[in-house]
Amino acid sequence: MVPPDDAPDLGELFHAAFRGLRRTWSEQLAPWELTPHQWRALLTLMRRRPDIAAEPAGRAGVDHANIDCSQGDVRLKDLAGRLRIAPRSATEVVDQLEAKDLVRRDPDPTDRRATLIVATNAGQKLFANIQAERRDKSMEYFSRLNQHDRAELARILRLLHD
């Protein structure tokens, strides 16, 4: 069934709203000299480490045999897959983050050929700072809606997410 001409194109409206929110997020990254690709990579790493506290600098005393890679550090090829980019592109993004001391490469204790990407203390702190600011900007962006409308939007978005 073809919708009437006056029916709103929900996909276009949703995309336009998201572009506005994404624009504010891109502006937020500028002071930290991060690109959206670098942020997505750091975000992906940190989402894999939600309950790992900031570790001491230098990791020399860490027992790699007891690291559960499925709950923490991410292999480069897995990061590329999660970001939906070519491994070569993921390497470039990780190189950029490593140059900023936000991540480091560690050998994978379960596979000598693989490399784990690990957020450094600086990367974890930057992530926390940016996340807090993003949350504030999102709240500001959605403040145009009253409490009832925000709750309804959240309900609808949860339905679409599941």
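Predicted model: local features only at pLDDT ≥ 70, side-chain atom pairs only at ≥ 80, totals over all residues.
Which residues does threonine 44 touch, not counting residues up to four places away in sequence?

View 1. Threonine 44 touches Leu79, Arg82 and Leu83, with residues up to four places away in sequence left out of the count. Threonine 44 is part of helix α2. Its relative accessibility is 13%, and because buried means under 20%, threonine 44 counts as buried.

**View 2. Packing of helix α2 against helix α4.** Helix α2 spans residues 36-47 and helix α4 spans residues 87-99. The two pack at an angle of about 85°, and their axes are 10 Å apart. Angles of 65 to 115 degrees count as roughly perpendicular, and α2 and α4 are therefore roughly perpendicular to each other.

**View 3. Residues at the contact of α2 with α4.** On the α2 side the contact is made by His37, Gln38, Ala41 and Leu42. These meet Val93, Gln96 and Leu97 of α4. By class, the contact has 4 nonpolar and 3 polar residues, and no charged ones.

View 4. The protein has 162 residues, of which 30% count as buried. Among contacts with a separation of 6 or more, 59% are between residues 24 or more positions apart. The accessible surface of the protein is about 11,100 Å², and carbon and sulfur atoms account for 55% of this surface.

Technical notes:
Residues numbered from 1 in each chain as written. Heavy atoms only, no water. Axes fitted to C-alpha atoms, helices over the stretch in contact; angles between N-to-C directions. Helix = DSSP H or I, 4+ residues; strand = E, 2+ residues; numbered from the N terminus. Parallel < 35°, antiparallel > 145°, perpendicular 65-115°, else oblique. Contact = heavy atoms within 4.5 Å. Nonpolar A, V, L, I, M, F, W, Y, C, P; charged D, E, K, R; others polar. Buried < 20%, exposed > 50% of the residue type's maximum accessible area, 1.4 Å probe, protein only. Areas by Shrake-Rupley, 256 points an atom, 1.4 Å probe, with all protein chains shown as cover.
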